[in-house]
Amino acid sequence: MKGMNGSSISRREFARRAAMVSAASMVPATALPVGAANAESPLERSADTHSSSPESQAEAEARYQAILGGYGSRFSETQKADLRRLCFTAQEPLDRLRAYAMENGDGPALYLKPLVEREKKPEAAPAPRSAGPAATKP
């Protein structure tokens, strides 16, 4: 695949760029800098500035430490800071989701319903059988 400047990119690079674009579209507008008043970049923001419960902060920190435990040697310091920010950013939607009260017997919010109801075709009747082996002599 040729890029805009004529250089080719691999499938892996294409998938990485597509994932970054889709992830960027999911960032809430409050997390983006508004103007000159907000001089620090999102990477420089401290994850501790989120106002959440101590349990939520502990869970986000545990998630961050678990990722570092498995893959820590693969990340640069900038990537580690970004990973920490993402762990704490993801905690708020998780808390809202967990706060939704549900019972074991609650049904799904949406039911899948086919757009077109197709009629079933009648099954073909079995062919009449002959009288027996005596009737089918060669």
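Q: Why does Gln91 count as buried?

A: Buried means under 20% relative accessible area, exposed means over 50%, and partly exposed lies in between, with a 1.4 Å probe and protein chains only. Gln91 counts as buried because its relative accessibility is 2%. This is a predicted model, in which local features need pLDDT of at least 70 and side-chain atom pairs count only at pLDDT 80 or more, while totals for chains, interfaces and linings use all residues. Residues are numbered from 1 along each chain as its sequence is written, and side-chain values use heavy atoms, with hydrogens and water left out.

Q: Which residues is Gln91 in contact with, leaving aside its neighbours within four places in sequence?

A: Contact means heavy atoms within 4.5 Å. With those neighbours left aside, Gln91 is in contact with Ser56, Glu59, Ala60, Arg63 and Arg98. The side chains of Gln91 and Arg63 are also joined by a polar contact of 3.0 Å, where a polar contact is a pair of N or O atoms within 3.5 Å; within protein, one must be able to donate a hydrogen and the other to accept it, and residues adjacent in sequence count only if both atoms are side-chain atoms.

Q: Which residues of α3 are buried, and what do they pack against?

A: An α-helix has 3.6 residues a turn, so residues three or four places apart point the same way. In α3, the buried residues are Lys80, Leu83, Arg85, Cys87, Phe88 and Gln91, and the buried residues of this helix pack against α2 (54-71). Lys80, for its part, touches Tyr64, Leu68, Gly72 and Phe75, not counting residues up to four places away in sequence, and its C-alpha atom is separated by 8.1 Å from that of Leu68, 12 residues apart along the chain.

Q: How many helices and strands are in the protein chain?

A: Helices (H or I, at least four residues) and strands (E, at least two) are DSSP runs, numbered from the N terminus. The protein chain has three helices and zero strands, and 11% of its 138 residues count as buried. Helix α3 covers residues 77-99.

Q: Where does the charged end of Arg84 sit?

A: A charge sits over a ring if NZ of Lys or CZ of Arg is within 6 Å of the ring centre and within 35 degrees of the ring normal. Here the charged end of Arg84 sits over the ring of Tyr64, 5.7 Å from the centre of that ring.
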